[in-house]
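Here's a quick briefing to read alongside the model. Have a look at the structure first, then work through the points below.

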Amino acid sequence: MPVISHAPDTGIWLLSTPRTSYALRIDATGAPCHIAWGPRLTLEEAAELAVPAGPDASSFEGRSPVGEELPVDGGARFGPPSLQVRFADGTRAFEWQPVGHDVREPAPGAAELSLRFRDRVHPLEVTLRYRVHDDSDVIERHTVLRNAGDRSITVLRADSAAWSLPPLPDYRLSHVTGQWSAESQLRRDRLPYGETLLTSRRGITSHHANPWVMLDAGDATETHGRVWSAALAWSGSWRITAQRTPDGRAGFTGGAGHDGTSVPLAPGEEFTTPGFAAVCTDGGFGAASRAWHAHTLAHVLPHPWETAPVLYNSWEATGFDVDEQGQRALAARAAALGVELYVVDDGWFGARRDDRAGLGDWAPAADRFPSGLAPLSDEVHRLGMRFGLWVEPEMVNPDSDLYREHPDWVLHVPDRTRTELRNQLVLNFARQDVADWAYDWLTRLVAKNGVDFLKWDMNRAFSEAGWPGRDDGADRLWTRYVHNLYGVIDRLRADHPQLRIESCSGGGGRVDLGILSRTDQAWPSDNTDAADRVAIQHGYGQVYPARTMAAWVTDVPNQLTHRTVPLRFRFHVAMAGLLGIGGDLTRWSEEELAEGAELVAGYKRVRHLVQHGALHRLRGPGDEGPTVVEYAAHDGSEALVLAWQRVQRHGGPRGPVRLGGLTPGARYRDTRTGTVHHATVLDGYGLSLDLPPGDWASSAVHLVRLAERDGA
Ligand code: GLA
């Protein structure tokens, strides 16, 4: 059971999850301070850790920059503030005054603690919220700020939470970096002394960094060691600052907004920060990832237990050259291959013949779809598939009717260039009229054309992020934009409960727990090269579950890398996520179509393991030899092992890989060969992969536990 308990004598609050505890208390100055975060504790045990500053605490130093629940700008604090405010009279510091607390049960199996404070003098109220669940070790935190006065307050920094680690001999930071078509590259480096800033200043989550961190003592492996990790549920600009202090401590603070942005708080206004959840796990990076995957399925995704359909997307096949006839031909072939969801990508609307025109004019192009989209949608449905459409509601090409009519609707600053990226400008979704316009055409589009799925794209970062005509617009827009984006998606979903949505942003520019709480899957990268994709998927899966990870099989030579990889290998890589097909099926040979159909059918037999099982990364892309992942059923009844060997080196490692998640003592049958294996061997000694010789060897091994009587 998740338990939140309190000891009035020591002032300690103890939050317990199935395997961990988190302890804090309010100190003599009124500030909320961290005590412990690790394996389960009782209140009495936590009290032992709540040691007052020792005899060597120096009056020269001030407060430690690590160890408070939300270090403010104020008093003798010199680290990066999690909360920094400027009151109307120019006062800039915050002084904590506790005003109350409560514990409630927001949902069955969950408990939430609210600690309420205000500034000692000024009318700013601050509430720290902590939520724990009985089926997850993830602790969810956010902060609520409220201006209780009659003059404006500027919040220069409003982090969601600060997290403190125990003193460790060393610290290592894991995170991802990237760029367009090379997202989610996993980095694992010693945490330097000082401050390490991870951020997006682009208005979106970004391809370049992703708002999560993992910290360990430098000795964790995939299967061993304690890892503390956190992920921010926010789809706009963000900042996480990790710090390591000279006295051997480390922690991190994070929230929405980047340096230089602020949150204006009008009288009576409230600002709720995004959630910044965190988890402490034993069992290495693998266990940390599985904790995030399980939590995302249990508490983030709207429809986690649905089986995601096999998808076809026309983008790499046709580019912008989309018309009804061509799409019908592709749809017929896709259906024959076993595809269950057919998605028409960019190019179906307005004057969209390339990326220079048409964005913003969301009516089907009359020359390409003379009777609108309904006939194609009907045909796709007749073929037994669902119908999906690409949209990019937040964007406009200057060469569009929308822009000619509403040039003031874009983010802009008077007298400044309106910088174009991909020949487009960003519509100011912070404006309610713009958000309402988007909701209006989207809900009509979905209703009129039987749209089952939207690929919601967002292809460029903000620039000249201004909101002329509104005094505090340039500050307000960073958060208002994201809230309005969420609002449009929420309204659409409410109107169309059957609608499923994919988050895309020039590939993987908008993947985070915020967008995943209102969409169903994400497009991790525009790079569909199977070899590159192995590393991208490796980074993506550190936090985000395979249930959200769209993956297409596309044609070779790959459009981006010009690399040629066998069809089977491409399928086996895409089968590690939500399998999709993105090739030009009118050019696939009969043999390719037959092999493709067989592989699609094979995926359908194991996708419950991929989409809902537990991921074990058995060998990473950095290791020599094949990269190997396993998806095991939570009850140990089945497992799927996918192996990808890019290049063979004579004399290179070919040894067996040890599996995880099996039932001890059970026996498993390989469904393809009929070979029976003992779990004791698979777990303790390993499975021989028997990859065919040569480069680009791959395999998919499906193991099913034998019933007792089969093994007799
Ligand atoms: C982005 C997406 C692609 C495709 C194009 C269409 O780049 O990530 O998958 O939809 O836009 O313009």
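A polar contact here is a pair of N or O atoms within 3.5 Å; within protein, one of the two must be able to donate a hydrogen and the other to accept it, and residues adjacent in sequence count only if both atoms are side-chain atoms. Keep in mind that this is a predicted model, so local features need pLDDT of at least 70 and side-chain atom pairs count only at pLDDT 80 or more, while totals for chains, interfaces and linings use all residues. Residues are numbered from 1 along each chain as its sequence is written, and side-chain values use heavy atoms, with hydrogens and water left out.

**The ligand**

- An oxygen atom of the ligand sits 2.6 Å from a side-chain N or O atom of D346.
- For D526, a side-chain N or O atom is 2.4 Å from a ligand oxygen, while G507 uses a backbone N or O atom, at 2.9 Å from an oxygen of the ligand.
- On its own the ligand exposes 310 Å², and the protein buries 97% of that (areas by the Shrake-Rupley method with a 1.4 Å probe).
- There are 13 residues around the ligand, and D345, D346, R422, K455 and D526 come nearest (to be near, a residue needs a heavy atom within 4 Å).
- Sorted by class, that shell has four nonpolar, three polar and six charged residues (Asp, Glu, Lys and Arg count as charged; Ala, Val, Leu, Ile, Met, Phe, Trp, Tyr, Cys and Pro as nonpolar; the others, Gly among them, as polar).

**Cavities**

- The structure holds ten cavities of 30 Å³ or more (a cavity is a set of points on a 1 Å grid over the protein atoms alone where a 1.4 Å probe fits but cannot get out; lining residues have an atom within 4 Å of a point).
- The largest cavity has about 150 Å³ of space, and of its 17 lining residues, Q537, H538, L615, V629 and Y631 are closest to the centre.
- Its lining counts eleven nonpolar, five polar and one charged residues.

- Most residues other than glycine have a negative phi, and most peptide bonds are trans.
- D415 isn't a glycine, yet has a positive phi of about 70°.
- V556 and P557 are joined by a cis peptide bond, with omega about -5°.

Note on methods: 1 Å grid on protein atoms, 1.4 Å probe; cavity = no way out; pocket = protein on both sides within 12 Å on 5 of 7 lines; lining within 4 Å. Points joined across faces, edges and corners; volume = space filled by probe spheres on them.
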